[in-house]
Amino acid sequence: ACLLAGLALKFRWREWYAKQHNLSEDEVRAIRPNMVISSCYQAAWEKLFKYMDIEPKLIHPSSRTFTVTPDQVRDAIDDRTIGVVCIMGNHYGGQYDPVWDVDKVVAEVNKEKGYQVGIHVDAASGGFIAPFQDSLPAWDFRLDNVLSISTSGHKYGESCCGTGWVVWRQREGLSEHVAISVT
């Protein structure tokens, strides 16, 4: 699920970057993009970085919170950023990155610099809990910049292999390069 979400962000970014810099499809493929993510990420993201030639821009959260801060995210975004990943239920202590605050920063950066950076919520284990937490601020598709959300089925139950699901806000967020149509 994380790999598919990352690929969709990469293909979305390629189209935008090529238009911004008047590059051909071949020329933009030679440019290595990056993704902003907490150093508390899961192994699936390591696979995306390694297999898909994406540079991780790691944010190292404090040992007090184990969450990213909006200022750290702001400082990490540039024109090669395909997206920001917010983790909802990291594997250290189950902490939630403040998606609601990161969304505001992403909106500001996009407006100031003309970017189109989106957010992927890696709802890891939190995807099974957060929807039922009434006091939690909006963290999902209620926020304008959240383009996709994944969650991990292997966190609960007796799955012996990694199982995940991903949903996109709109069909356009799912790149035709990632989607497969079967008759």
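The legends below walk through a few close-up views of this predicted model.

In this predicted model, local features need pLDDT of at least 70 and side-chain atom pairs count only at pLDDT 80 or more, while totals for chains, interfaces and linings use all residues. Residues are numbered from 1 along each chain as its sequence is written, and side-chain values use heavy atoms, with hydrogens and water left out.

**View 1. The nonpolar core around V84, V99 and W139.** Here we look into the largest nonpolar core, which has 46 residues; V84, V99 and W139 touch the most other members. Such a core is a set of buried Ala, Val, Leu, Ile, Met, Phe, Trp, Tyr and Cys residues joined through side-chain atoms within 4.5 Å. Among the elements that each supply at least two of its residues are helix 1, strand 1 (34-38), strand 3 (81-87) and helix 5 (99-113). Helices (H or I, at least four residues) and strands (E, at least two) are DSSP runs, numbered from the N terminus. Leaving aside residues up to four places away in sequence, V84 touches V36, V73, I77, V102, V106, V117, G118, I119 and H120, where contact means heavy atoms within 4.5 Å.

**View 2. N22 in the loop between helix 1 and helix 2.** Most residues other than glycine have a negative phi. N22, though not a glycine, has a positive phi of about 50°. N22 is exposed, with a relative accessible area of 72%; buried means under 20% relative accessible area, exposed over 50% and partly exposed in between (1.4 Å probe, protein chains only).

**View 3. Aromatic pairs, with Y41 and F49 as one example.** Searching the whole structure gives five aromatic pairs. Rings of Phe, Tyr and Trp (its six-membered ring) pair if their centres lie within 6.5 Å, with planes under 30 degrees apart counted as stacked, over 60 as edge-to-face and the rest as tilted. Both Y41 and F49 are buried.

**View 4. F66 stacked with Y92.** The rings of F66 and Y92 are stacked, 5.8 Å centre to centre and with 25° between the planes. This pair links distant parts of the chain, 26 residues apart: F66 sits in the loop between strand 2 and helix 4, Y92 in the loop between strand 3 and helix 5. F66 is partly exposed at 28% relative accessible area, and Y92 is exposed at 52%. F66 also has a positive phi, of about 55°, although it is not a glycine.
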